[in-house]
Amino acid sequence: MRFQDENTQVRPPTLGEQRARQQALAQEQQNEQEIQVAEGKSATKRKILIGSGVTVGLVGLIATFYTVAAPQGTTTAVCTDKNGIVQDDNDCDETYVSSHNGYHSGGFFFIPIPGGGGYNQYRYNYGGQGLVGQPVRGGSFDPPSGRTTVNTKSGKTVQRGGFGISGKSSSGGTSGTSGKSGGS
């Protein structure tokens, strides 16, 4: 029959057509379930991948922190006067300087000269050597990096390596000076 009009009745499906239709619906439902399971596995894999990436990132960050925080080494600080002559370590000790009405400013220590007015000026030489009263040999007056531990000859720690270094300087005493001197 090539043409049907509105009066033609639809023939009921045969038994074979009904079975084929049921199998097609069952196959379609099975495919949908497999897709849902695959999407669930994919989401789980994605979460695991992201989680492991975050973990690796955190481990790397912590390793970097410890590498940067670790001190590079140690050096010795020698107390010198304005002429580069090695002095007693007390002359560069903030507590000692403050107890003798001196002050500390910008890496320099100033102790009043007894009876004459004015101040003796002291500072650390880093890495230099010498005995008290002799000129310092070698070293530098520039402080080493913040990752270096600096000790005096008497064993006092001047600067610790790693994070947490405050870098503060305090000016003890009550003098109204700005910390500048006419010395070297």
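A residue is called exposed when its relative accessible area is over 50% and buried when that value is under 20%, with partly exposed covering the range in between. In this predicted model, I50 has a relative accessible area of 53% and therefore counts as exposed. I50 is found in helix α1, which spans residues 15-69. Together with V54, L58 and L61, I50 makes a nonpolar surface patch of about 390 Å².

Charged side chains come next. The model holds two salt bridges. One of them joins R11 to E17, and the closest N and O atoms of this pair are 3.5 Å apart. With a relative accessible area of 54%, R11 is exposed, whereas E17 is partly exposed at 34%.

A salt bridge is also formed by D93 and K156, with the closest N and O atoms 2.9 Å apart. D93 sits in the loop between β1 (73-81) and α2 (94-99), while K156 sits in the loop between β5 (148-152) and β6 (157-159), so the contact ties together parts that are 63 residues apart in sequence. The surroundings of the two partners can be read from their accessibility. D93 has a relative accessible area of 17% and is therefore buried. K156, at 35%, is partly exposed.

Definitions and conventions. Residues numbered from 1 in each chain as written. Predicted model: local features only at pLDDT ≥ 70, side-chain atom pairs only at ≥ 80, totals over all residues. Heavy atoms only, no water. Patch = residues over 30% accessible without salt bridge, like charges linked within 9 Å, V, L, I, M, F, W, Y side chains within 5 Å. Areas by Shrake-Rupley, 256 points an atom, 1.4 Å probe, with all protein chains shown as cover. Salt bridge = Lys/Arg side-chain N within 4 Å of Asp/Glu carboxyl O. Helix = DSSP H or I, 4+ residues; strand = E, 2+ residues; numbered from the N terminus. Buried < 20%, exposed > 50% of the residue type's maximum accessible area, 1.4 Å probe, protein only.
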